[in-house]
Amino acid sequence: MAFQPIVDVETRRVFAHEALVRGEQGEGAGFVFDRVTENNKYSFDQTCRVTAIRDIARLDPTSHVSINFLPNAIYDPETCLARTLAAADKYNFPRENIIFEVTEHEKIENRALLRDVFSAYKAKGFRTAIDDFGEGFAGLNLLAEFQPDILKLDMKLVQGISNDKVKQSILSGIQTTANHLNVELIAEGIEDRADYLFLKTNKIKYMQGYFFAKPKLEGLPSINWD
């Protein structure tokens, strides 16, 4: 795993670290996912969860950790959570500090099951997030069916927003919806100071991106705050 911080720009502290899968030699996520098949995706998903919890418990046991999961790898929410719960207990990591993200990128084959998954996760004390929100309709449709704790704004919406009135208007609408639903927002893909300052001025508290830190393999990177 590599870890990239999600920062709280109001307090200038790290809110969470996203666990990002990497190859044994540091190869990118694409290299790894190209090797995921129908036969191994369940074990792959389970191994990623346990590894992320083990590593963050060693690196920063007080932080939240954000873990991407494969919705189509889950056949029964309770069964699939068993190893996650066991890992949290084994490494003494609070389950309420674990965030599970589902992304718009993977086609969701069984939406009813995903709703059950999110409900089961919340019932067990985990937090939930929709990743890449704003990229397409999948996230909006999912939000209508189930309200997670967090929406992670897609980088295509975020990047260049300081000079783009259309993106600014879309963000305003998402903020209004999120406020009504009591959902936190995280802006992803922050690479530009102007975008960072615009979002901060417009009350986006949580951010993630290369402007603050690149992912670090099996470690936690230092943060650039300026």
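Visitor: What makes the contact of R54 with D55 a salt bridge?

Guide: In this predicted model, the closest N and O atoms of R54 and D55 are 2.9 Å apart. A salt bridge needs a side-chain nitrogen of Lys or Arg within 4 Å of a carboxyl oxygen of Asp or Glu, so R54 and D55 form one.

Visitor: Why is D55 called buried?

Guide: Buried means under 20% relative accessible area, exposed over 50%, and partly exposed in between (1.4 Å probe, protein chains only). D55 has a relative accessible area of 3%, so D55 is buried. R54, with 38%, is therefore partly exposed.

Visitor: How many salt bridges does the structure hold?

Guide: The structure holds 10 salt bridges. One of them joins the side chains of D45 and R49, at 2.9 Å from N to O. Both residues lie in helix α2 (residues 41-59), four residues apart, about one turn of the helix. Helices here are DSSP runs of H or I with at least four residues, strands are runs of E with at least two, and both are numbered from the N terminus. D45 has 2% relative accessibility, so D45 counts as buried, and R49, at 0%, counts as buried too.

Visitor: Why are α3 and α4 called oblique to each other?

Guide: Helix α3 (residues 77-90) and helix α4 (residues 111-123) pack at an angle of about 45 degrees, with their axes 10 Å apart. Angles under 35 degrees count as roughly parallel, over 145 as roughly antiparallel, 65 to 115 as roughly perpendicular and the rest as oblique. The two helices are therefore oblique.

Visitor: Where is D132, and is it buried or exposed?

Guide: D132 is in strand β5 (residues 127-133). At 9% relative accessibility, D132 counts as buried. D132 has a positive phi of about 55 degrees although it is not a glycine.

Visitor: How should I read the numbering and the values?

Guide: Residues are numbered from 1 along each chain as its sequence is written, and side-chain values use heavy atoms, leaving out hydrogens and water. Local features need pLDDT of at least 70, side-chain atom pairs count only at pLDDT 80 or more, and totals for chains, interfaces and linings use all residues.

Note on methods. Axes fitted to C-alpha atoms, helices over the stretch in contact; angles between N-to-C directions.
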